[in-house]
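Let's take a walk through a protein together, from its overall build down to a few single residues. Keep the picture beside you and look for each residue as it comes up.

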Amino acid sequence: MPLKSRFKNIPYKIKAPLLAKRNQVSYRFAIWSFLSSTISIWSILIITNLSGHTLLIGSFGATSVLLFAVPDAPLSQPRNLIGGHLLSAMIAVLLVYLFGTNFFTIGLSVGLSILVMYLTHTLHPPGGATALIGVIGGVGVDFIFFPVMVGVFVLLVNALVVNNLVHHRKYPVVWF
């Protein structure tokens, strides 16, 4: 199909109902998501204070949404959590090492992260943010370990504990 036709089809393809039917809110689930995500971020901050290494990056906020609000979602599972952040951090380090921080590498960090996560079945949306944070920050190899892997490990341990502490949750659904 020619490109011009594809553009013409966009208005038809974006038509959708204005409102969606939503499931009833579970206050128990919402409160537990609030508590578990708050405690998890505090855990990272406590370890930051004890270790002297900055372990909190913005993408961990988005990871907390996945781990504690939709723990059964495919993108929340350990393979995706670990692989998505690890691969994206590695991409950030490689881009900074090869090309520095610039217009090209900033955009490429997210695109490459999505491509690699997709191809390796480790898609984790906050991974794109991890790559972006890394390139904008001009990081070195240590970024892979501090904050990324240590922070991911803290979040994973918290998710394993708090999501299995209550009867209405189970985590993980699958490890790999």
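We start with the overall build and then visit some details one by one.

This is a predicted model, in which local features need pLDDT of at least 70 and side-chain atom pairs count only at pLDDT 80 or more, while totals for chains, interfaces and linings use all residues. Residues are numbered from 1 along each chain as its sequence is written, and side-chain values use heavy atoms, with hydrogens and water left out.

What kinds of elements does the protein hold, helices or strands? There are seven helices and zero strands. Helices here are DSSP runs of H or I with at least four residues, strands are runs of E with at least two, and both are numbered from the N terminus. Read from the N terminus on, the order is α-α-α-α-α-α-α. Along the principal axes, the C-alpha atoms fill a box of roughly 55 × 50 × 25 Å.

Of the 176 residues, 36% are buried. Buried means under 20% relative accessible area, exposed means over 50%, and partly exposed lies in between, with a 1.4 Å probe and protein chains only. The accessible surface of the protein comes to about 10900 Å², and carbon and sulfur atoms own 72% of that surface. Such areas come from the Shrake-Rupley method with a 1.4 Å probe, and for residues only the protein chains shown count as cover. As for contacts (heavy atoms within 4.5 Å), take those with a separation of 6 or more: 74% of them join residues 24 or more positions apart.

On the surface, you can find a nonpolar patch with about 1200 Å² of accessible area together. Its members include Val25, Tyr27, Phe34, Trp42 and Ile31, and Ile31 lies in helix 2, residues 27–51. Patches are made of residues with over 30% relative accessible area and no salt bridge, where nonpolar side chains (Val, Leu, Ile, Met, Phe, Trp, Tyr) are joined within 5 Å and like charges within 9 Å. A salt bridge is a side-chain nitrogen of Lys or Arg within 4 Å of a carboxyl oxygen of Asp or Glu. Pro11 sits in helix 1, residues 3–13, and is partly exposed at 44% relative accessibility.

Next come the aromatic rings. A pair of them is described by the distance of the centres and the angle of the planes. Rings of Phe, Tyr and Trp (its six-membered ring) pair if their centres lie within 6.5 Å; planes under 30 degrees apart count as stacked, over 60 as edge-to-face and the rest as tilted. How many aromatic pairs does the structure hold? It holds one. The ring centres of Phe99 and Phe104 are 5.8 Å apart and the planes meet at 85 degrees, so this pair is edge-to-face. Both residues are partly exposed, Phe99 at 46% and Phe104 at 49%. Phe99 belongs to helix 4, residues 78–99, and touches Phe104 and Thr105, leaving aside residues up to four places away in sequence.

Val166 is in the segment after helix 7 and is buried, at 17%.

Finally, look at the backbone. The peptide bond from Phe146 to Pro147 is cis, with omega near 25 degrees, and Pro147 is in helix 7, residues 142–165. The bond from Tyr171 to Pro172 is cis too, with omega near 0 degrees. His121, in the loop between helix 5 and helix 6, has a positive phi near 60 degrees and is exposed at 60%.
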